[in-house]
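The sequence and coordinates come first.

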Amino acid sequence: MSPISASVTVNVSAPSGAPTPWRKNDYSQYASIAALLADRYNAASNPGGWWSPATEDSASNRMTLETSGGPPGGSTQFLRYNWPDRTTALCTDSTIRINVQLPQSKADIWLSAWCRFSSNFTTVAPGCTSNPDYKFLFGRVTYGGTGAHRYSIKVGTYTSRIITLEYPSGASSVNATAVPATSYFDGNWHRWRMHCKASTTVGRLAVYFDDTLVKDLNNINSTTFPIYGFDLGANLNQRPIITGQYNDWGLLEIYDTDPGWGF
């Protein structure tokens with residue numbers, strides 16, 4: 001009797017109810033920084049593109065794609081900002097930046113980003129009187145009134161290096177002390193999540209670091225102007241004086257429906 005053989009195909013599906021990102025980028029599709037920089041959003045020619053016009057970039061020559069020691073979430077590649085050390089002009093801005101351009105503006109949006117700061121990352125340069133901080137993540141809106149014009153997370157603020165948040169129409173920054181700078185300027189990957197909601201009565205800016213609440217500003221007047229994009233970093237108010245300071249951007253997910261995070 002001939003042996004009987006059979007093949008079995010097993011299909012593994014994602015758990016039912018698991019949220020699907022509206023937009024997802026783990027940088028693995030880019031063969032080079034030049035390829036990344038060419039991936040500009042254009043409604044007609046590149047509707048799946050990620051980035052705003054090149055005129056909004058800063059110091060793209062200091063960006064590299066890295067493959068060693070990537071973040072959780074399956075990323076095989078990530079984007080690094082390599083900060084120059086400076087021995088002069090310490091108290092002036094230094095900027096590295098690329099901006100996410102959304103295909104549609106959204107009034108209610110959630111963002112998750114895996115990020116890492118080198119363990120020697122600092123926002124404070126000696127002898128400067130300017131306010132130290134790193135403008136880390138911004139939700140961008142068209143609001144042009146007084147106060148902050150963005151949903152923002154700034155880290156390493158003041159000499160105490162706390163986190164500060166801003167929202168559109170807000171009169172000033174809101175300080176958050178639940179997560180100290182030593183928690184994220186530590187050379188390890190962490191997940192930052194933010195929920196931005198545009199409303200004059202039930203607006204919201206909620207921020208989590210890993211699973212720790214940074215601050216939840218709820219039922220605020222954040223204007224009715226929707227979010228049209230995100231800044232992935234901007235400027236350091238004071239320039240670093242050390243060699244090898246960097247920060248990394250890993251898996252980026254954006255949701256336009258509630259992902260079920262609970263905020």
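The model is predicted, so local features need pLDDT of at least 70 and side-chain atom pairs count only at pLDDT 80 or more, while totals for chains, interfaces and linings use all residues. Residues are numbered from 1 along each chain as its sequence is written, and side-chain values use heavy atoms, with hydrogens and water left out.

**Strands**

Helices (H or I, at least four residues) and strands (E, at least two) are DSSP runs, numbered from the N terminus. Two strands pair if DSSP finds at least two bridges between them. Buried means under 20% relative accessible area, exposed means over 50%, and partly exposed lies in between (1.4 Å probe, protein chains only).

Strand S6 is largely enclosed by the rest of the structure, because 9 of its 10 residues are buried. S6 runs antiparallel to S11, with 9 bridges joining the two; here Trp 114 stands opposite Arg 191 in S11. S6 is also joined to strand S16 (residues 246-255), again antiparallel, by 7 bridges. In that pairing Leu 111 stands opposite Ile 254 in S16.

In a regular strand the side chains alternate between the two faces of the sheet. Strand S2 (residues 63-66) has Met 63 and Leu 65 on a covered face, and Thr 64 and Glu 66 on an uncovered one. S2 and S3 run antiparallel and are joined by 4 bridges. Glu 66 of the uncovered face stands opposite Phe 78 in S3.

**Aromatic rings**

Rings of Phe, Tyr and Trp (its six-membered ring) pair if their centres lie within 6.5 Å; planes under 30 degrees apart count as stacked, over 60 as edge-to-face and the rest as tilted. A search of the whole structure finds 23 aromatic pairs. One of them is the tilted pair of Phe 121 and Phe 185, at 5.0 Å centre to centre and 40° between the planes. This pair links distant parts of the chain, 64 residues apart: Phe 121 is in the loop between strand S6 (108-117) and strand S7 (134-140), and Phe 185 is in the loop between strand S10 (174-176) and strand S11 (189-197). Phe 121 is buried at 2% relative accessible area, and Phe 185 is buried at 7%.

The pair of Tyr 255 and Trp 261 is edge-to-face, because the planes are at 80°, with the ring centres 5.5 Å apart. Tyr 255 is buried, with a relative accessible area of 5%, as is Trp 261, with 18%.

A charge sits over a ring if NZ of Lys or CZ of Arg is within 6 Å of the ring centre and within 35 degrees of the ring normal. Two such placements are listed here.

| Charged residue | Ring | Distance to ring centre |
|---|---|---|
| Arg 80 | Tyr 246 | 3.7 Å |
| Arg 193 | Trp 261 | 5.1 Å |

**Cysteines**

A disulfide is a pair of cysteine sulfur atoms within 2.5 Å, and the structure holds 1. This disulfide joins Cys 91 to Cys 128, with an S to S distance of 2.1 Å. The link is left-handed, with -90° about the S-S bond. Its ends lie in distant parts of the chain, 37 residues apart: Cys 91 is in the loop between strand S3 (78-82) and strand S4 (94-95), and Cys 128 is in the loop between S6 and S7. Cys 91 is partly exposed at 37% relative accessibility, whereas Cys 128 is buried at 16%.

Cys 115 is in no disulfide. The sulfur of Cys 196 is too far from that of Cys 115 for a bond, because the two are 14 Å apart. Cys 115 is buried at 2% relative accessible area, and Cys 196 is buried at 0% relative accessibility.

**Phe 263**

Phe 263 is found in the segment after S16 and is buried, at 6% relative accessibility. Leaving aside neighbours within four places in sequence, Phe 263 is in contact (heavy atoms within 4.5 Å) with Trp 110, Arg 193, His 195, Arg 204, Ala 206 and Tyr 208. Of these, Arg 193 also lies over the face of Trp 261. Phe 263 and Arg 204 are 59 residues apart in sequence and 9.4 Å apart in space, C-alpha to C-alpha.
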